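Hi,

Here is the structure I said I would pass on to you. Have a look at it first, and then read my notes below.

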Amino acid sequence: MNLRELEYLVALADTGHFGQAAQACGVSQPTLSAQIRRLEDDLGVTLVARGRRAELTAAGVRVTELARQMLALSDDIHATARECAGQPAPPLRVGVFPTLAPYLAGPLLRGIAAQQSDLQIVIAEQPTNDLLTMLEQRAVDVALIATPVTPMLSRIPLFREDFLLAVPASDPLAGTTPIHPLALRGRDLLLMSEGHCLRDQALDVCAESGAGHRLDMAASSIGTLLELVAAGSGPTILPRMAIPPQRDARLCLREFVTPRPHRDIALVARPTVVLRPQVQQLVDVCRHLPTDEVVTLEE
């Protein structure tokens, strides 16, 4: 048994197809199939039920879980070796969910530059559930999320972002003073579409305030959500960083009274990954972003 065979098995588990797994690993399909067969012979157990799709057996599922851990440890060993040898680390792969990524990217890059850090990052923008899968598959090193995670991952608090209320300028809720969430009672809010964590966070606000939400309309981006509000389709909840720098006269934005509805952003990763110097640099930058739109969170 070797790491390459385990890599082939994990790729097959992720794709469910010998051809796609071979392409992901950069080898021919016969090579991948033969190596997995060799692994099965070495272990004395069938790992894959071969058919139209490659289905893991019960033994295959258990072995694949352990294989992921071994491959992750291999990554950690290589990262540690590069660090000890003084070699430059590859760019840190950072996963960020779509209703944060466009608004965080600028402050994050400015923060890195302000600290004169040698940190290099690559941002992958995906929904939170996909980010957690990418962490498991080692497709990203860390992820910034706003929801609880499995105990298998380490969680480092970064910052808190308040929500604001956005309403059409002609709406009865339009005004200039802070508003209490209970003022939303009986109103139907516009939300993001299914799969966006901002939708779940807004639903929490609805539950606490007695508001409802529109079932006939949803948005796939914050830009679309703002256009729907501006067109008079109803109010919505927006994270502070997503507020457009140039105000739209068709919109009214209102602060909430304290304690304000908010979302807490945290970095999550495997416990060994958070110890890497790159990750510690990223945490420091995220806790000192050059913006007054968030509040730093400490552990």
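A salt bridge here is a side-chain nitrogen of Lys or Arg within 4 Å of a carboxyl oxygen of Asp or Glu. Keep in mind as you read that this is a predicted model. With that said, there are 23 salt bridges in the structure, and D76, R93, D141, R270 and R276 are tied together in a network of them. Side chains of opposite charge can pair when their charged atoms come close.

D76 and R276 meet through their side chains, with 2.9 Å from N to O. What does this pair link? It joins distant parts of the chain, 200 residues apart: D76 belongs to helix α4 (residues 58-84), while R276 is in the loop between β11 and α9 (277-286). R276 also forms a salt bridge with D141, where the closest N and O atoms are 3.8 Å apart. Here too distant parts of the chain are linked, since D141 is in the loop between α6 (128-136) and β5, 135 residues from R276.

D76 has 9%, so it counts as buried. R276, at 14%, is buried, and so is D141, at 12%.

For a contrast, look at R199 and E194. They form a salt bridge too, with the closest N and O atoms 3.5 Å apart. R199 is buried, with a relative accessible area of 11%, but E194 is exposed at 64%.

Next, the strands. How much of β11 (residues 262-269) is covered? Mostly covered is the answer, with six of its eight residues buried. Strand β5 (residues 142-145) runs antiparallel to β11 and is joined to it by three bridges; in this pairing, A143 has V268 as its bridge partner. Strand β6 (residues 154-168) pairs with β11 as well, in the antiparallel sense and over eight bridges. To find that pairing on screen, look for F159, whose bridge partner in β11 is I265.

β6 also has a pairing with β9 (residues 236-239): the two run antiparallel and four bridges join them. L164 stands opposite L238 there. Which residues of β9 are buried? T236 and L238 on one side, and I237 and P239 on the other, are all buried, so both faces of the strand are covered.

P239 turns up again in the surroundings of T99. You will find T99 in the loop between β3 (92-96) and α5 (101-114). T99 has a relative accessibility of 4%, which means that it counts as buried. What does T99 touch? Leaving out residues up to four places away in sequence, its contacts are M192, H196, L198, I222, P239 and R263. Two of these belong to elements in this email: L198 is among the buried residues of α7, and P239 is one of the buried residues of β9.

On to the helices. α7 (residues 197-209) has 13 residues and reaches 19 Å from its first C-alpha to its last, close to the 18 Å expected at 1.5 Å a residue. Its buried residues are C197, L198, R199, Q201, A202, V205, C206 and S209. An α-helix has 3.6 residues a turn, so residues three or four places apart point the same way. Just after α7 comes G210, with a positive phi of about 85 degrees.

Helix α1 (residues 3-15) also has 13 residues, which should span 18 Å at 1.5 Å a residue; its end C-alpha atoms are 18 Å apart, so the two values agree. Buried in α1 are E5, L6, Y8, L9, V10, A11 and L12. What do they pack against? Their partners are α2 (18-25), α3 (29-43), β1 (48-49), β2 (55-56) and α4.

Finally, the surface. M1, L3, L43, V45 and M70 make up a nonpolar patch of about 410 Å². M70 is in helix α4, the helix that also holds D76. M70 counts as partly exposed because its relative accessibility is 38%, between the 20% and 50% cut-offs.

Cheers

Methods
Residues are numbered from 1 along each chain as its sequence is written. This is a predicted model: local features need pLDDT of at least 70, side-chain atom pairs count only at pLDDT 80 or more; totals for chains, interfaces and linings use all residues. Side-chain values use heavy atoms; hydrogens and water are left out. Buried means under 20% relative accessible area, exposed over 50%, partly exposed in between (1.4 Å probe, protein chains only). Contact means heavy atoms within 4.5 Å. Two strands pair if DSSP finds at least two bridges between them. The expected span of a helix is 1.5 Å times one less than its number of residues. Patches are made of residues with over 30% relative accessible area and no salt bridge: like charges are joined within 9 Å, nonpolar side chains (Val, Leu, Ile, Met, Phe, Trp, Tyr) within 5 Å. Accessible areas come from the Shrake-Rupley method with a 1.4 Å probe; for residues, only the protein chains shown count as cover.
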